[in-house]
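Here is a short report on a two-chain model. Look at the sequence and the structure first, then read on.

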Amino acid sequence: MFELRRKLLKGGSVAALLSPLLGTGLLVPTSVLAADWNRPAFGTRNIGDALKAYGNANTASESPDIVISAPEIAENGAKVEIEITSNIENTRSLAIFADKNPMPLSAILEFSGPALPYARVQLKLAETTRVRAVVKTLDGKTHVAFREIKVTLGGCGG
Amino acid sequence: MGEQIKIRAQIKGDMTDIRILMQHPMETGQRKDDKGQTLAMHFIQTFTVSHNGKTMIEGQLNTSVSKNPLFAFKARGIKVGDKISVSWQDSAGDKRQDEIIVS
């Protein structure tokens, strides 16, 4: 149905024609439509499959233009701050994986308009793990960078 | 209805730092309470950051994001008087939206 909506909205002239539909809930203004949660990728329980489920991130090329800054040792795995900057041109999205977490994919962030490809997030890390940032560009290329974080006290159980 | 989303935007020349605090338990479904009962999974799944009504960041999160997570983003070309709004939706279908005017 989204496919159809896009086609319909391409012709601006039909917008007036469709406006009565807005009230029926058949057409929802784009601003309130959040991206659908990527259940297959988030629910996957090992890093290899999670990377594949996210979309060929297992074949991403390693890039020095993705900068991950994070503590080398995190005493408390319940809140580990990780800062990621992509210096790759036309970065569209950023995904963060913690290899050893029960569900490795932690977050997907998509940038548009004035937003720069930068994010600081707080993650739970179950144990000492490699964290990877996967960047997708507008032309469909995938890049990755890694960072090892030692965790003294895991943040998932309790 | 979740707790208020705290949004702060600080303009530094052409750049703006945006900080967003989403108050949410972000329950993994793996923790147990004092009585040994497993606490049900409950976490923010999607969020959107908009600038003057247009989406600029769309996020999807897993249970592995911390409780009451603080996010920081950067944007270019945001001006005083612009509106930044943030909304989230969690795994229980709960929603929250808040906005600020950049000063």
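Start with one proline. B:Pro69 touches A:Val121, A:Gln122, B:Met22 and B:Met26, leaving aside residues up to four places away in sequence. So its list of contacts includes residues of chain A and of chain B. Keep in mind that this is a predicted model.

Where does B:Pro69 lie in chain B? It sits in the loop between β4 (54-61) and β5 (70-76) of that chain. Is B:Pro69 buried or exposed? It is buried, because 23 other C-beta atoms lie within 10 Å, and 20 or more are enough to count as buried. B:Arg96 is 27 residues away from B:Pro69 in sequence, and the two C-alpha atoms are 15 Å apart in space.

**Two asparagines in loops**

B:Asn68 lies in the loop between β4 and β5 of chain B. B:Asn52 is found in the loop between β3 (44-51) and β4 of chain B. Neither residue is a glycine, yet B:Asn52 has a positive phi and B:Asn68 has a positive phi. The table sets them side by side.

| Residue | Phi | C-beta neighbours within 10 Å |
|---|---|---|
| B:Asn52 | about 50 degrees | 15 |

Why does B:Asn52 count as partly exposed? It has 15 C-beta neighbours inside 10 Å, and a residue is partly exposed when its count falls between the limit for exposed, 12 or fewer, and the limit for buried, 20 or more.

**A hairpin in chain B**

Strand β1 (residues 5-12) and strand β2 (residues 15-22) of chain B pair in the antiparallel sense over eight bridges. How many residues lie between β1(B) and β2(B) in their hairpin? There are two. B:Gly13, in the turn, has a positive phi of about 65 degrees.

**Where the chains meet**

Next, the contact between the chains. On the chain A side, 33 residues are in contact with 34 residues of chain B. Two elements of chain A give two or more residues to this side: β6 (105-111) and β7 (118-123). The largest share, seven residues, comes from β6(A). By kind, the residues on the chain A side divide into 20 nonpolar, nine polar and four charged.

Strands also pair across the two chains. β6(A) and β4(B) pair in the antiparallel sense over five bridges. Look for A:Leu109, which stands opposite B:Gly59 in β4(B).

**Chain A as a whole**

Chain A has four helices and nine strands. Along the sequence, its pattern reads α-α-α-α-β-β-β-β-β-β-β-β-β. Of its 158 residues, 35% are buried. Among contacts in chain A between residues at least 6 apart in sequence, 63% join residues at least 24 apart.

Definitions and conventions: Residues numbered from 1 in each chain as written. Chains lettered and ligands numbered in written order. Predicted model: local features only at pLDDT ≥ 70, side-chain atom pairs only at ≥ 80, totals over all residues. Contact = placed C-beta atoms within 7 Å. Nonpolar A, V, L, I, M, F, W, Y, C, P; charged D, E, K, R; others polar. Pairing = 2+ DSSP bridges.
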